Amino acid sequence: MGVITTEVWKTSAQRVGAVKAFYFRCVKTFAAVGLSLLSPLLGADELPADACSGPEPALVSAAEDYRQHEGKTISAIRFRTLDVFDTSDPREDNGIYRFFNWLHIDTRPRVIESQLLFQPGQAVDADRLAESERLLRTRPYLGNAYVQVDAVCGDRVALLVVTRDIWTLDPEVSVGREGGENKHGFGFSEENLFGSGTTLTIGYDKDRDRSSTSVGLYSPHLFNTRLETELGFADTSDGQQTHISVEQPFYSVQTPWAAGTRNWDVTQDEIIRYRDEDINKYKHAAEFHEVSAAWAFDRSRARAHRLGVGVTQDRHIFRATEETVTAMPVDENLVYPWVQYHYLENQFAVYRNLYLLHQTEDIATGADAWVRLGYGGGSLGNDHDFVRYEAAYTDLLGLGQHHLMQFSSYLSGRHYRDNELPNERVWGGDLGYHYLMGDKHRWYVQLRYDQGHQLAQHRELTIGGGHDMRGYPTEYQRGDKRYVFRVERRYISDLHLFNLLRLGGVMYVDAGRTWGAGYPQATHLSNVGLGLRLSSSKAKTGKVLHLDLAFPMADKQYVDSFQWVITASSQL
């Protein structure tokens, strides 16, 4: 059995004045005290030395290297954490960036080690190493991660896990605009608390519907285990929100089981809009509780078949307010056991500039399909017997080097045996096409269609805002049928402002319509626009800021001549 070592490089900051130096020494001292208190839970800093560490290779992804050593024994694993700013690059070798490197607390080696799907003494499995790289790259506190061959010792191989931290302490002062509505907020978030990979957020937000003060804690690997945990609480101007979940997910395609519980309790005003006017409002209290477990009864490197069971309570209570105009939805308290089948193909491809700017993107290219069926009877406290059903399917097909086709579809609904309550259902899907003309130039086309039946008013299909029709206010149209068609011409610039910001641009045409459910006949909407895309290479690397200017082409008498839209998205 081999051992694990660690190598963490830090760059000392130059003094920037006696007062600042004293202040930040206090900050570091506080962090050190916190780490010492948490170290029994997080794991020790130092790991024992390795006797078989050879020269270190260049810091490039070396998937082809470790595949050459398939089957050899892993003798040791070392860890290297790269700073947020690379001071070996003359563009980042300055006092300010060195100061931020010094201030930043690196991700602890035990945090990285606990997430790997391999360990010393095991044989090199290239698929598990590649899956470990993908798993690490999903973490919001890492900018990149890869595994390299560190040294070859006969039939043994020493590995080096290289990760690059990003800046995770984020004081937040936000001003946004979407669908003709302004919103703002302030607070802070730390996505790598004391180097543990835990996220802490505290903030205040206000938009047209409500203001809220919130606090949240999230860990994808609680105390260096496989437990994914989320705790959240918000005190809002129209109610409260609580969220608690603890799950051990299928963190790998070869994970044999998963289990967990999800719970939330939300009270808020439901504001119903049509053509930028409030047409109804009522109080909505929702509770959701679910306990589930699942087993992978057939799994391999290529795919997994999983069977899950669980029990769900989904409760909704509605009350009138002074602004309630039309009838409210019927109260619901659905309690039901269910069974689920899930099929997943373990196929991935690595892209750049597909959804993000100049970042490594692991894109699933295999089928992902699941179906869930539940039944709630009177013995569980339900007033009416019902069947609950859900299904979803996604896939991606590559056509040569320059063409990608995406497919997705879903179905969700319930059926009451006595037909005394609405038999709600909604289904839909979308088709997306990427034309990759090169590293900088892309076309993207999307067509989406959704259709509902007997939907509660707050669950009706809507259109308008920054995520579909950018030239129209949020929830401009509503109904039980909807289509959206988008064409985008994207440009990704090589410009890297201050080695901090990546830039891109887009020109687009949106078209769509929502109709039905008793609303007046709706016009086919369309708009044209252009936008700027911004993304940080050192912080919040999974997000893209959208700055859009959109011009509506239909229904102009009801809307402004243009719309400024400012949103954050996980896609270009």
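This is a predicted model: local features need pLDDT of at least 70, side-chain atom pairs count only at pLDDT 80 or more; totals for chains, interfaces and linings use all residues.
**Reading salt bridges, strands and a pocket**

Me: Which side chain does D89 meet in a salt bridge?

Reply: Side chains of opposite charge can pair when their charged atoms come close. The rule is a side-chain nitrogen of Lys or Arg within 4 Å of a carboxyl oxygen of Asp or Glu. D89 meets R91, with 3.0 Å from N to O, and R91 counts as exposed at 56%.

Me: How many salt bridges does the rule give?

Reply: The count is 37. One of them joins R459 and E424, again with N to O at 3.0 Å. This pair links distant parts of the chain, 35 residues apart: R459 sits in the loop between β21 (441–453) and β22 (461–463), and E424 in the loop between β19 (403–416) and β20 (425–436). Here strands are DSSP runs (E, at least two residues), numbered from the N terminus along with helices (H or I, at least four). R459 is partly exposed at 26%, whereas E424 is buried at 7%. Elsewhere, R67, E70, D125, D127 and R301 form a network of salt bridges.

Me: How many bridges join β11 to β12?

Reply: Two strands pair if DSSP finds at least two bridges between them. For β11 and β12 (residues 277–299), which run antiparallel, there are 18. N263 stands opposite H289 in β12. The two strands form a hairpin with two residues between them, and R275 in the turn has a positive phi of about 50°. On another pairing, β10 (residues 239–248) and β11 (residues 257–274) are antiparallel over eight bridges, with H243 opposite W264.

Me: Which residues lie nearest the centre of the second largest pocket?

Reply: A pocket is an open set of points on a 1 Å grid over the protein atoms alone, where a 1.4 Å probe fits, with protein on both sides within 12 Å along at least five of seven lines; lining residues have an atom within 4 Å of a point. Of the 31 lining residues, L82, V84, D86, R164 and K538 lie nearest its centre. β2 (73–82), β3 (142–153) and β4 (156–165) each supply at least two lining residues.

How values were computed:
Residues are numbered from 1 along each chain as its sequence is written. Side-chain values use heavy atoms; hydrogens and water are left out. Buried means under 20% relative accessible area, exposed over 50%, partly exposed in between (1.4 Å probe, protein chains only).
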